[in-house]
Amino acid sequence: MAPRKKPRKTPTKAQLDAKAEPQEHTFSVLVANEAGVLARVVGLFSGRGYNIDSLTVSEVDEEEHLSKITIVTTGTPMIIEQIRAQLERLVPVRRVADLTVEGPSVSRELALVKVKGRGEKRVESLRIADIFRAHVVDSTNNSFVFEIVGDTGKLDAFIELMQPLGLIDVSRTGVVAIARGAEEM
Amino acid sequence: MAKRRFIGGEIILKALADQDVDVVFGYPGGVTLPLYDKIGQQNRTKHILVAHEQGAVHAAEGYARSTGKPGVALATSGPGATNTVTGLVDALMDSIPVVCLTGQVVSTLIGNDAFQEADTTGITRPATKHNYLVKSTEDLARVIHEAFYVATHGRPGPVLVDIPKDVILGEGEYVGPEDVLPKSYAPQIKGEKASIEEAVELMASAKRPIIYAGGGVINSGPKASKLLTELVDMTGFPCTLTLMGLGAYPASRPQFLGMPGMHGTLEANMAMYQCDVMVNIGARFDDRVTGKTDAFSPRSKKIHVDIDPSSINKNIAVDVPIIGDCTSVLRDMLRIWKAKNLKTDKPALKKWWAQIGKWQAKDSLGFEQDDGPIKQQYALSRLRELTRGDDVYVTTDVGQHQMWAAQYLHFEEPNRWMTSGGLGTMGYGVPAAMGVQAGHPDSKVVCVTSEGSLLMNIQEMATIAKYGLPVKILNLNNNVLGMIRQWQELFHGNRESECDLSRGPDFLKLAEGFGFVPLSASDPAEVDDAINEMMRIDKPVFLNMAVSRDENVFPMIPAGAAHYDIVLGPNDQRAEVDDDDMMMA
Ligand SMILES: Cc1ncc(C[n+]2csc(CCOP(=O)(O)OP(=O)(O)O)c2C)c(N)n1
Ligand SMILES: [Mg+2]
């Protein structure tokens, strides 16, 4: 992966609809994996009052010590543009991609969903899990832990269906995303 | 060639020498003792022992702003480091290149609540452009060079390097600045050609243009101010400069409209409001300039040149964004303008200047000095006239005196005016003046202050006297936190609350005690002699000038109001922008 940030065209007033409603955007941020880098990114969002809907981070290149942070955020076009410029300004940030606007991308999230129940409800939860291609990764005689992978909407739907069937706990990874196609980031 | 190994303390000094650092403003402590031991054994880099670490950072800022070179501050761990925070944020807000080195407890104790431990990198993360905790002496030289690089490249700012005691004591390899290039930090210097072409064509077509320039021009180096001046002169456009940009275009030229914003001139604000093309060069549409953003220059096409992409479209969306360094973009603007043989719309400009002339005729900075108490406006106008053409640098504190200084002192060159703009830090002026004087030993340095601000870092008068720096402090003593009193008068029912300073200390005795030559004036007739005397004495001088307690700074656009809501004078008269004026737009 080449280390330099590519210069990018700043949008003009005409491209930034001042009256547009806030919209959800997914940013992929490649950073040097050094101490405090996550604090810098998170501090930027809290310090400037931007939303974080979801945040994931993990090392992706051991040799180059690079990590990737995926952030889902919501804002008006002007705010989204600010978030991008502010992220690019951080010294350890190598690359920022707004996957929502830069061509097609795929995003996935994993959830572990614990459901407690007996009898009819237990059977129903298994049936729904099957439809959603969720796997059972733990079970006792009155509980299951399901593992489900998909986009955020699919996970939301599954969790909602589990609600009346004895849902007692959920852990979600947050969104990871990547651009489609053969291009590197 | 095999690299030689050095002790951490030596590496720090070698790195500072290789970065051409002549002076460091610092204060020692437990964990930096081994570094001070090395400092004491060399004389390449001068160390100025300040009285408080906040003063060290402001001094470094003053040095940086007046010389164009990065300023360097040094503090110990814990309380030394926390004392630097205000100075760091000040430098961050005003984009001043400062490198601050702090000591840290030994690596093995970090996180243990050790004596004088503070999470310095955590505390200063939002207070700096970037910061580092050095984990090993092997990294020390590289990190320091990188810190200088980051502080001075792109939009400048403060960078902090936190160095544990064991790293100062340990041994490591030295690398020079030429061997260090930060992996990811590569700001864009050259503006995009297509955008610059679009910008100059828009300028040529303008009927009511204005050039609005700011601190970015100063930060870009003196060449940028020359190019800006060339652009203004070539186009015949009016020019306004922000508080941070004063001096980027000579104040004495007729095309200069003064400062825009809350305490800007009528002509600058009305021209900003009514223009059809606004050329923002290195300014950032700060809220003190724009007022109410919905009503800010509603009919203009806006060009914005800035080295920091995050400054563009932050407060005000613009039509032609240009990312790049002011020097480079201004040079390209001039070149492309000439290559295309562009011409301005002369008849339209003539009409525009006629309109501007009407606003200028209202003389929004006019005042009358009667035989009552000295007015600050008068004192500062006299300072301007009596030092015209001299080699003078000015720093200020924060409050009414700062705004009057910005309005009544005129700057013909960049780097001559040092004030805390973004953060508005009372206590900036005295230590900043010390830093300026350290960088310009043979020039005259005046700190314009008032007693509230003065008391915030008055301890640095001891440092100034100790080093024999001939700084001149002009204390516009109004016995009050004047700017607070003004807002209480205008916006809080004229009820004064906790702003009176009339029972303050005897400043002349204090000045004398600190080792300054004390001077005083209280009658308008004494002003000239007192100023001449202050400027003449080649020693630290303190001129205590008793001034009016009741004066207010005008013009004034109340916070959050629009430019046409400008209040011109003491009787709360509106500017009376008549219908004709509005129709023009
Ligand atoms: C550190 C700090 N604290 C508080 C303020 C708020 N403040 C702005 S101006 C001002 C009054 C300044 O008084 P003085 O220094 O006497 O100047 P004057 O307005 O009288 O010229 C105050 C308290 C500030 N700017 N900085
Ligand atoms: Mg005062």
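**View 1. Strand S5 of chain B and its neighbours.** S5(B) runs parallel to strand S7 (residues 158–164) of chain B, the two being joined by seven bridges. Strands are DSSP runs of E of at least two residues, helices are runs of H or I of at least four, and both are numbered from the N terminus; two strands pair if DSSP finds at least two bridges between them. Within the pairing with S7(B), B:Thr102 has B:Asp162 as its bridge partner. S5(B) also pairs in the parallel sense with strand S4 (residues 71–75) of chain B, over five bridges, and here B:Leu101 stands opposite B:Leu74. The model is predicted: local features need pLDDT of at least 70, and side-chain atom pairs count only at pLDDT 80 or more, whereas totals for chains, interfaces and linings use all residues. Side-chain values use heavy atoms, without hydrogens and water, residues are numbered from 1 along each chain as its sequence is written, and chains are lettered from A and ligands numbered from 1 in the order in which they are written.

**View 2**

**View 3. The magnesium site (ligand 2).** The ion is coordinated by B:Ser450 (OG), B:Glu451 (OE), B:Asn478 (OD1) and B:Val480 (O) at 2.0 to 2.2 Å. Donors are N, O and S atoms within 2.8 Å of the metal (3.2 Å for Na, K and Ca); water is not among the atoms, so sites may look incomplete. The spacing of the donor residues in sequence is S-E-x26-N-x1-V. B:Ser450 lies in the loop between strand S16 (444–449) and helix H19 (451–454) of chain B, and B:Asn478 in the loop between strand S17 (472–477) and helix H21 (482–491), so the pair ties together parts 28 residues apart in sequence. Both B:Ser450 and B:Asn478 are buried.

**View 4. The interface of chain B and chain A.** In this view, 28 residues of chain B are in contact (heavy atoms within 4.5 Å) with 24 residues of chain A. Two salt bridges cross the interface (side-chain nitrogen of Lys or Arg within 4 Å of a carboxyl oxygen of Asp or Glu). B:Glu192 and A:Lys9 form a salt bridge through their side chains, at 2.9 Å from N to O.

Note on methods. Buried < 20%, exposed > 50% of the residue type's maximum accessible area, 1.4 Å probe, protein only.
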